[in-house]
Amino acid sequence: MTRESVAVPCRLQINGQDYSADLPPSVTLLDLLRERLDLTGTKKGCDHGQCGACTVLVDGKRVKSCLILAVSIPDSVVTTIEGIAQDGRLHPMQQAFIDADAFQCGYCTPGQIMSAIALLEEGHIHSRAEIREFMSGNLCRCGAYNGIINAIEQVVSRQHRNQAGEAA
Amino acid sequence: MNVISTHIGQPVSRIDGVAKVTGQAKYAAEPHPPGMLYGVVVNSPIAHGRIETIHDTGARQVPGVIEIMTHLNRPHAALFEKSYMDGLGVPGAPYRPLHDGEIHFNGQPVAVVFAETFEAAREAAMLVRVDYERWPHNANFEVALHQKYMPSKTRSNYVPPKPRGDAAAAYALSAVKTEGRYHLAPEHHNPMEMHATTVIVEDDGTFTVWDKTQGPQAVQAYLASALSLSKDQVRVRNPYVGGAFGSGLRAVYNVFLATLAAKMLKRAVRVTLTRPQMFTHAFRPEAVMDIALGASRDSTLQSMIVKGVTDTSRFEHNMENIVIWGLINYRCPNATADYKVAPRDTYTSSDMRAPGAATGVNLLEMAIDEMAYACGMDPLAFRLHNYSDIDAMHDMPLTSKALRDAMAQGAQHFGWHDRSMIPGSMRDGRELVGWGMATGIWDAMFSPTSARARLGQDGRLHIATAASDIGTGTYTILAQTAAEAFGMPLDRIDIELGDSALPECPTEGGSWTAASAGAAVWLACHSLRTKLFAALARCKNAPSWARQDSVKLEGGALHGMNENAQDSLSLSDALSLTGQDVLEAEETAKPGLRGKISQMRKARFTHSAVFCEVRVDPELDTVRVTRLVNAVAAGRIMNPKTAASQIRGAMVMATGMALHEESLMDERVGRFMNHNFAEYHIPAHADIPDMDVLFVNEHDDEVSPLGVKGIGEIGMCGTAAAIANAIFHATGRRYRNLPIMPGA
């Protein structure tokens with residue numbers, strides 16, 4: 001019997017919706033999203049965990065979905081690029097990427113945005129150098145790096161302003 | 001054309017931005033037709049030989065496997081090599097995928113496994129075993145150099161070097177001489193999206209092919225020819241392309257294999273390459289340049305001798321313009337150059353961003369820096385001293401060359417005049433600081449292109465052309481052009497690209513799309529305006545002010561003039577009045593007779609001046625690029641926001657060229673062995689500093705109808721040299737091989 005004829009239960013919450021199916025254990029979270037759920041916003045750039053294009057949030061933490069077998073994270077909450085805009089309004093990070101021209105071809109962009117959202121949660125945002133260091137797992141061949149850092153800084157400073165406003 | 005700019009030249013955000021930041025933009029591997037099969041390619045692990053036996057029994061037992069396609073069971077495809085020629089004009093005999101059992105290069109596809117799921121196809125592909133008869137091969141570049149030759153038929157875009165004066169004699173007599181061999185490692189394009197094809201079999205049996213390409217019409221023509229289909233049977237779509245940088249100029253084997261399989265299996269198929277397979281096709285050739293420069297004591301260049309070789313395959317003669325740039329760009333009375341190609345048993349090298357110039361300009365600008373130092377002159381001053389106002393190789397005037405302004409503004413912005421000449425003299429704490437500069441040059445090209453403009457009942461302007469936006473901003477600048485030409489707000493314009501069924505447009509590349517497609521859209525919109533005015537003039541029930549010459553189209557509505565200035569008419573109402581549902585115009589922009597004469601009489605280039613600061617750790621020998629300034633003279637800039645991103649992006653890739661990127665050959669098997677992002681380093685966030693891009697004012701009505709020169713490649717040219725020259729200035733050590741890895 002080959003591995004592909006085995007199926008294992010997989011239960012996840014993806015962008016607020018419950019998902020359950022029996023899957024071959026070799027299906028990565030990335031391939032589940034792209035090929036079985038048509039959530040193609042999450043990109044495959046290397047399938048080796050080297051480029052970051054497939055970055056999604058699992059239980060709020062950024063992960064490379066190509067390195068995770070879908071059946072290995074039961075009951076996890078998965079958020080993809082398709083799940084961050086609310087009520088048709090772009091997430092502030094999405095809007096900042098457009099404003100700062102933080103992409104060209106757009107292929108690494110969903111991964112950059114998901115990574116940037118997690119970065120803010122992690123708090124690695126004290127300087128441009130720190131942001132650069134902690135975004136270095138997301139490669140961009142078009143070289144939109146300056147724009148990406150600018151976009152993240154825009155969101156950070158807007159958050160600071162909002163927090164200052166609330167404090168006042 | 002006299003353009004008053006309300007839209008062109010504005011820093012508009014990308015109109016495809018929302019699609020890209022929400023994940024809605026569909027790339028080649030993303031449509032999901034019902035019943036689609038997944039194809040995984042099995043590649044040859046040998047470089048030269050013949051397939052003896054293919055053992056696929058184990059693979060066929062994997063549940064879900066439908067077919068394993070090889071040269072033995074594939075359906076009919078064209079027999080002769082000429083049927084596989086593409087538009088790129090590389091002379092030779094193109095590779096024919098799965099044609100027969102002969103192996104021409106390591107990584108050549110030998111089988112494709114098709115299965116119901118990706119996982120099954122991947123597992124089965126690993127179980128395919130192939131026996132080979134191995135023949136001798138050479139993958140060593142130094143060995144190939146001994147077999148260098150000049151192809152009898154040259155590439156269509158090849159510019160033969162034109163010598164002047166007596167370079168050898170002048171060199172012998174020169175008071176100051178420099179001489180050296182410069183080398184560039186092979187590089188792979190590595191767009192973030194891997195090459196992929198999804199083929200949909202339509203109800204009428206025709207194929208809709210979603211492919212990652214820079215030229216949907218070129219791929220359509222290739223598939224029709226290679227698979228013996230009529231063009232009506234193949235439609236190629238590429239509305240979004242996840243980068244390409246030249247890797248999508250020629251049809252990659254996945255598109256042939258996927259379409260062949262769809263024909264064979266009568267089912268939708270998808271073939272996506274893996275990242276390692278991205279190292280089995282196009283790459284920038286390895287190159288050597290022997291450069292000898294001679295100057296008089298007053299720092300005037302007297303002689304330039306450039307000899308260059310790039311590698312190619314055994315079956316095609318890929319050629320690049322690497323040796324001509326110095327002869328064009330410097331006023332040097334005696335100059336000569338020679339170019340050859342060296343064959344290896346690999347796939348054919350190919351065009352990668354700024355092909356030829358990225359290699360030739362950067363290596364030459366490193367040599368120029370050496371000569372400036374040999375003369376004891378500041379490198380910027382040396383370039384100004386030897387500046388040419390004409391194309392010195394063809395002794396031809398230029399349509400424009402604002403390189404002096406670029407040098408001055410770039411130097412000013414960078415603070416170049418505070419530089420100390422002596423290498424190793426600028427320290428910051430324990431770090432060595434180096435400042436270097438170089439200039440860049442690239443062709444400003446214009447190719448005939450068609451576009452269609454259509455006004456619908458919804459009052460929206462729809463623009464269509466078969467151009468490809470590979471991240472270049474084409475959607476956005478064409479919308480700006482249409483807005484300007486038609487008098488329409490940007491948000492009422494739809495741009496349709498990336499479809500072979502649209503009006504003819506050449507393959508995207510060479511930085512010609514903005515100038516060419518821009519001009520076509522401009523003409524089509526003007527033609528549509530004229531049609532609309534004429535239709536209204538004939539229209540009996542139109543208000544009288546709208547039937548006269550004194551009507552204008554502004555802000556997406558018709559307005560009266562003078563005493564009728566208060567009157568206006570929406571475009572939907574205007575169209576209704578004419579009694580038509582749509583009004584349409586298609587136009588082709590081409591150089592025309594005047595343009596052709598101008599092309600013969602004047603040369604056309606973009607130029608740039610790049611300034612760089614590096615910091616070198618003297619103990620660890622690590623190099624960090626800490627500042628980059630690029631001043632670019634590229635005619636009219638359609639959108640300074642997206643244009644600056646284009647330049648920055650090329651500077652990032654050039655940083656990779658200078659410091660990181662090198663495809664390493666395992667010569668025993670003839671394979672690029674560091675075939676992944678962990679071992680083939682491209683610059684990451686932490687490698688890239690803030691980069692400043694300046695666009696120098698350069699008015700040029702002659703270069704193209706809209707005065708546009710194109711900006712896709714110029715950022716590559718000179719940037720790697722500026723980094724290399726900064727490393728010399730920091731350390732006093734000359735590195736003549738790119739990438740530079742001082743610690744290695």
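The centres of domain 1 and domain 2 of chain A, taken over C-alpha atoms, lie 22 Å apart. The domain assignment, automatic or from a database, places domain 1 of chain A at 7-83 and domain 2 of chain A at 92-167. This is a predicted model, in which local features need pLDDT of at least 70 and side-chain atom pairs count only at pLDDT 80 or more, while totals for chains, interfaces and linings use all residues. Residues are numbered from 1 along each chain as its sequence is written, chains are lettered from A in the order in which they are written, and side-chain values use heavy atoms, with hydrogens and water left out.

**Domain 1 and domain 2 of chain A**

- The two domains bury about 1300 Å² between them, 56% of it on carbon and sulfur atoms (accessible area, 1.4 Å probe, lost on being put together and summed over both parts).
- In domain 1 of chain A, A:K43, A:R62 and A:I81 lose the most area to domain 2 of chain A, together 47% of what that side buries.
- One salt bridge is counted between these domains (a side-chain nitrogen of Lys or Arg within 4 Å of a carboxyl oxygen of Asp or Glu).
- A:R62 forms a salt bridge with A:E122, with the closest N and O atoms 2.9 Å apart.

**Chain A and chain B**

- Contact (heavy atoms within 4.5 Å) involves 54 residues of chain A and 64 residues of chain B.
- The area buried between these chains is about 4700 Å², with carbon and sulfur atoms giving 55%.
- Nine salt bridges are found across this interface.
- B:K26 forms a salt bridge with A:D38, the closest N and O atoms being 3.9 Å apart.
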